[in-house]
Amino acid sequence: MPTRSCPDRALSRGRLAGPRLLLAALVALTAIAFRQTHRGSDPTVLLDRHPQGIMGTTCLLAVLVPAGETARGQAALDAAETELRALEARLSTYLEASEISRLNRAGAHEPVPLSAASLDILRAARDAALETEGAFDTTCRPLLLLWREAARLGRLPSEDERARALAQVGWTHFQLGETGARKSLAEAQQDLGGLGKGYAVDRAVEALQTAGIRSGLAQLGGDTRVFGPGPAGGDWVVQIRHPFREGTCGRLRLRDAAVCTSGNYRRFVEIGGRHFSHIVDPRSGQPMDRTPSVTIIATRCMTADVWATALSVLGPDGLEERCRRAGIHALLVVGEPGHAQLYRSSGIARFLEDAMPALEP
């Protein structure tokens with residue numbers, strides 16, 4: 001959904017990526033309560049929209065506007081939804097006509113014209129590979145395809161198959177220019193699922209703010225960014241899904257921040273009755289199951305998206321220093337049900353509404 005982490009978070013139409021944060025239902029309930037309680041006394045109202053069919057997952061857009069400016073609020077929601085749909089048309093690997101699909105089908109050294117948006121996200125992805133010390137790389141698509149095919153056949157990939165896929169991974173196979181890109185290896189491919197939703201959320205927020213909205217929210221499949229005060233002038237509240245069972249294991253209070261959670265509890269492939277994580281480490285070509293849940297808070301949603309995947313591979317070693325350098329806050333669940341440990345960066349405590357409960361299975 002990495003040069004060294006492969007998230008299979010589908011930037012797709014028609015395939016539902018499992019939700020990672022329980023924000024949509026919470027905000028919907030908050031919006032109803034807010035309207036019922038404050039409509040007669042408070043001049044601010046919350047408008048929300050749930051666009052369908054965007055990137056194959058759930059979507060929520062919400063704005064807080066003065067009661068007399070609902071038309072402007074609806075226009076802002078229109079602009080944000082239009083931006084999301086335009087980005088999907090360019091970036092989805094599940095749409096054959098998208099620019100990224102054309103790049104993936106291109107032969108070696110064939111120039112592929114790209115829009116400014118596609119080049120922007122590809123450059124961001126290349127930078128992310130460097131910033132995460134190789135723990136994130138969108139050129140991992142050959143490995144993702146390998147594991148999907150293995151699940152279809154019901155057998156693990158062979159050593160030779162993994163070696164061939166690994167040889168097709170890496171930014172050395174891609175050259176980005178001013179108006180397009182080309183590949184030195186025909187088999188090299190991109191999968192933007194690990195940061196595409198976060199990038200799109202950031203663009204949706206920018207569309208809302210450009211339209212004059214001072215407080216709102218954008219969410220795609222759990223990748224969430226809020227700005228300004230939430231309903232009733234407070235923070236926006238996000239619940240973190242429990243990694244081992246239904247329900248939640250914590251609540252975050254946010255304002256002018258983004259949050260993403262990556263986990264193997266909803267997205268996996270099954271081979272021989274065993275579940276394998278959708279996040280693959282390109283250093284070995286093997287799925288990563290050691291860290292079943294990573295929650296990241298950052299200023300921008302794309303940053304949170306990238307590091308949620310990267311730390312799923314890197315684990316808790318050096319966590320505090322990595323968070324300091326990246327300007328993020330992290331909460332990691334490491335281990336198996338009944339034997340899991342919780343790791344957190346020092347800065348995340350101020351966002352937690354209360355202490356995290358025990359992670360019982």
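Arg325, at 47% relative accessibility, counts as partly exposed (buried means under 20% relative accessible area, exposed over 50%, partly exposed in between, with a 1.4 Å probe and protein chains only). Arg325 forms a salt bridge with Glu133, the closest N and O atoms being 2.7 Å apart (a salt bridge is a side-chain nitrogen of Lys or Arg within 4 Å of a carboxyl oxygen of Asp or Glu). This pair links distant parts of the chain, with Glu133 in the loop between helix H4 (116-131) and H5 and Arg325 in helix H9 (residues 319-326), 192 residues apart; helices (H or I, at least four residues) and strands (E, at least two) are DSSP runs, numbered from the N terminus.

This is a predicted model, in which local features need pLDDT of at least 70 and side-chain atom pairs count only at pLDDT 80 or more, whereas totals for chains, interfaces and linings use all residues. Residues are numbered from 1 along each chain as its sequence is written, and side-chain values use heavy atoms, with hydrogens and water left out.

**Salt bridges**
- By this rule the count comes to 21 salt bridges, and Glu133, Glu321, Arg322, Arg324 and Arg325 are linked in a network of them.

**Helix H6**
- The buried residues of helix H6 (residues 159-167) are Glu161, Arg162 and Ala165, which cover an arc of only 95 degrees around the axis and therefore lie on the same side of H6 (the arc is that of the directions from the helix axis to the C-beta atoms).
- On the other side of H6, Glu159, Asp160 and Arg164 are exposed.
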